[in-house]
Amino acid sequence: MNKITAAITAVGGYVPETKLTNADLEKMVETNDEWIRTRTGISERRILKEPGKASSDLGTGAVMDIIQKKNLDPKEIDCIICATVTPDMLFPATANIISYNVGANNAFGFDLNAACSGFLFALTTGASFIESGRYKKVIVVGADKMSSIVDYTDRTTCVLFGDASGAVLLEPSTDENGILDSLLKSDGVGKNYLYQKAGGSLNPASIETVTRKEHFIFQDGQPVFKYAVKGMADVSAELLERNNLTGNDIAWLVPHQANLRIIDATANRMGLTKEKVMINIQKYGNTTAATIPLCLWEWEKQLHKGDKIVLAAFGGGFTWGATLIKWAYDSK
Ligand code: UT7
């Protein structure tokens, strides 16, 4: 019998309606549209504004999209893995709340935190569950309400991030489609350059941590940029090489959307032209764990059965990686 692979058989997405444009940010901090666009590629991002709404609401939107598209009985879902750095609460897991919201009451679920590489790490984990033969329907969802940890008086970070969610359904395949290979890496040196200082066991919340603004995201942009350019390009090139592929064999690169310049460097290193690179950073900014599935969601109709696709990410931790997929379906 052929080996079982984990195929993506559906993609869902959800973006909140409210737009925060570069022009809006110009009124909030000392910045300008030209700086933001030339340094990052971002023009606007979406913000989940309604009080009482959280990452689970974003994730629920993306998972419901899959359930409706596939006409899926939620009770058939075996597992939901949610990649996020902005869980609704430290516990219970946001995945459990999403499962409850969509009626997936036979599913087990958990959150996975690998920052901007979270979706890739969760995808590889979910794929292993399918490959083992034990589970038949696993949903991997990336959901981040980044606006909940962004300091809108800090121009170095508030222009970068947005809120969104994307999800994929994984099912077994025996015709060699699906997730073919994954190369994941992490290095704790990153803890000095990109972090949220307080709210965990090291610096529990206190009046002082709030006053010092330690519950917001901090990024030392330049070192992160240098690590990201090298990390994402190296790992993508290594993935191609160990699968005896060149850029010519690849239909699409689906890069994490943190900075257009990092995306360009990765595409160049892989020998890919711009037409083969999914880019929507201009509309959504950096949505952390949601960027990659959100691209798949937007480009779904242009993907064809048999297309070889590389997903690549770099994020806090540091974490980074690349995944090779043979796309399993033509969308109707
Ligand atoms: O997704 C997780 C991983 N994260 C990343 O991959 C992000 C990696 N880093 C980056 O993408 C870039 O470093 C940034 C986009 C964050 C920043 O771009 P940069 O080209 O590295 O700029 P910089 O931090 O070196 O700042 C250049 C100048 C500084 O002014 P001076 O010191 O030269 O006078 C900043 O103060 O730009 C200034 N600046 C701004 N000016 C206008 C910083 N933020 C802004 C702003 N508007 N929003």
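Tutor: The residues of the shell around the ligand divide into 11 nonpolar, 10 polar and 4 charged, where Ala, Val, Leu, Ile, Met, Phe, Trp, Tyr, Cys and Pro count as nonpolar, Asp, Glu, Lys and Arg as charged, and the others, Gly among them, as polar. This is a predicted model, in which local features need pLDDT of at least 70 and side-chain atom pairs count only at pLDDT 80 or more, while totals for chains, interfaces and linings use all residues. Residues are numbered from 1 along each chain as its sequence is written, and side-chain values use heavy atoms, with hydrogens and water left out.

The shell holds 25 residues, and the closest to the ligand are T31, R39, Q222, N259 and N286; a residue is near the ligand if one of its heavy atoms lies within 4 Å of it. Three of these residues can be followed down to individual atoms. In R39, an N or O atom of the side chain is 2.8 Å from an oxygen atom of the ligand, and N286 likewise places a polar side-chain atom 2.8 Å from a ligand oxygen. For N259, the distance from a polar side-chain atom to an oxygen atom of the ligand is 2.6 Å. Each of these distances falls under the heading of a polar contact, a pair of N or O atoms within 3.5 Å; within protein, one must be able to donate a hydrogen and the other to accept it, and residues adjacent in sequence count only if both atoms are side-chain atoms. The ligand taken alone exposes 950 Å², and the protein buries 75% of that, the areas coming from the Shrake-Rupley method with a 1.4 Å probe.

As for where the shell comes from, at least two residues each are supplied by helix 2 (33-40), helix 6 (155-158), helix 8 (221-242), helix 9 (260-269) and strand 12 (308-315); helices (H or I, at least four residues) and strands (E, at least two) are DSSP runs, numbered from the N terminus. Helix 8 gives the largest share, 5 residues. Because domain 1 (5-176) and domain 2 (180-326) both give residues to the shell, the ligand lies between them, with the domain bounds taken from an automatic or database assignment.

In strand 6 (residues 138-145), 8 of the 8 residues are buried, so the strand is largely enclosed by the rest of the structure; buried means under 20% relative accessible area, exposed over 50%, and partly exposed in between (1.4 Å probe, protein chains only). In a regular strand the side chains alternate between the two faces of the sheet. Here V138, V140, G142 and D144 point one way, while I139, V141, A143 and K145 point the other way, and all are buried. Strand 6 pairs with strand 4 (residues 79-83) in the parallel sense over 5 bridges, and I139 is the bridge partner of I80. With strand 7 (residues 163-173) strand 6 pairs in the antiparallel sense over 8 bridges, and there V141 stands opposite A167; two strands pair if DSSP finds at least two bridges between them.

The side chain of D151 makes a polar contact of 3.5 Å with the side chain of K213.

The backbone has some further features to check. Most residues other than glycine have a negative phi, and most peptide bonds are trans. Another cis peptide bond joins G317 and F318, with omega about -5°, and F318 sits in the loop between strand 12 and strand 13 (319-326). A115, although not a glycine, has a positive phi of about 50° and counts as buried at 14% relative accessibility. E176 has a phi near 65° and is exposed, with a relative accessible area of 52%, in the loop between strand 7 and strand 8 (178-186).
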